[in-house]
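Here are my notes on the model you sent over.

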Amino acid sequence: MSEVYDKLKICLESIREKTDFQPETALILGSGLGDYAEEIDVVDTVAYTEIKGFPTSTVAGHKGRFVFGHIGKVPVVIMQGRVHYYEGYPMSDVVLPTRLMGLMGAKKLILTNAAGGVNYDFRPGDFMLITDHIATGVPNPLIGANLDELGVRFPDMSEVYSLRLREIIKAQAQKLGITLQEGVYVQLTGPAYETPAEIRMCRAWGGDAVGMSTACEAMAARHMGMEVCGISCITNLAAGMASQPLDHKEVQETADRVAVQFKTLISGIVDQL
Ligand code: HPA
């Protein structure tokens, strides 16, 4: 058995000593959305620091814990604060929490993030339904001995972001009167924001938004057969597209400004997925 799988099993056992909650849907909350986890009907929480071997997040604005509870009638596990590759963890650790939520029983995964807009039609504060991703700028999370217990060596990635879930999300956004852009998310490593030339590259590749997370988690989830969807909050225009330099404060301020709307959208979709 591989070291990566051993670690997963140790983490799972550690969680199971604290809670036997069985989630149906998993959510990963990006910048600005963290406090959504406190607004649900919470049953249990497990801090990442309580889980043996778990990578603990260092980025400001991200709390580190799993929150278990219900959104409507749906049992969910929320990852309040994610692990980023730029923090220095190996990719296998970055996707470990995603895999753990899958092993806890979650069949569906909702990913959210803050992202820079690469598409000139986007404005800060827009939401973008992720239709596909480009993850060639980061190591593939499935590199290494295949975890046969989870999935196949060469998994299909032709529909990472479920068309079924996308249709539900689009219908719900329309019902709520929330404008939803659609597009391709490009994951790069960060932590530096991109250069204007890199953003032109993203656009030439066919990207609409750029960020430092999500695609790797989506791949790990698909590998193990979870149904995945993702929504980006476009917090800023990417490098070179606006007159002022990029600033993490701007990212957080925009994410905070539209957080209520973002939460409304997510609450509205969970029990329909
Ligand atoms: N680039 C990368 N990641 C981001 C950005 C960006 O412009 N905005 C929010 N996350």
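1. Strand S5 is the top contributor to the shell around the ligand, giving three residues. Do keep in mind that this is a predicted model.

2. Who else is in the shell? The ligand has Ala114, Ala115, Gly116, Tyr193, Glu194, Val210, Gly211, Met212, Thr235, Asn236, Leu246 and Val251 around it. By class, that's seven nonpolar residues, four polar and one charged.

3. Now the polar side of things. A polar side-chain atom of Glu194 sits 2.8 Å from a nitrogen atom of the ligand. For Asn236, an N or O atom in the side chain is 2.7 Å from a ligand nitrogen. Gly116 takes part through its backbone: a polar atom there is 3.3 Å from a nitrogen atom of the ligand.

4. On to the cysteines: the structure has zero disulfides. Cys11 is in none, and the nearest cysteine sulfur, belonging to Cys216, is 17 Å away. Cys11 is also buried, at 0% relative accessible area.

5. Cys233 is likewise in no disulfide, and its nearest cysteine sulfur is that of Cys229, 16 Å away. With a relative accessibility of 2%, Cys233 counts as buried.

Notes:
Residues are numbered from 1 along each chain as its sequence is written. This is a predicted model: local features need pLDDT of at least 70, side-chain atom pairs count only at pLDDT 80 or more; totals for chains, interfaces and linings use all residues. Side-chain values use heavy atoms; hydrogens and water are left out. A residue is near a molecule or strand if one of its heavy atoms lies within 4 Å of it. A polar contact is a pair of N or O atoms within 3.5 Å; within protein, one must be able to donate a hydrogen and the other to accept it, and residues adjacent in sequence count only if both atoms are side-chain atoms. Helices (H or I, at least four residues) and strands (E, at least two) are DSSP runs, numbered from the N terminus. Ala, Val, Leu, Ile, Met, Phe, Trp, Tyr, Cys and Pro count as nonpolar, Asp, Glu, Lys and Arg as charged, and the others, Gly among them, as polar. A disulfide is a pair of cysteine sulfur atoms within 2.5 Å. Buried means under 20% relative accessible area, exposed over 50%, partly exposed in between (1.4 Å probe, protein chains only).
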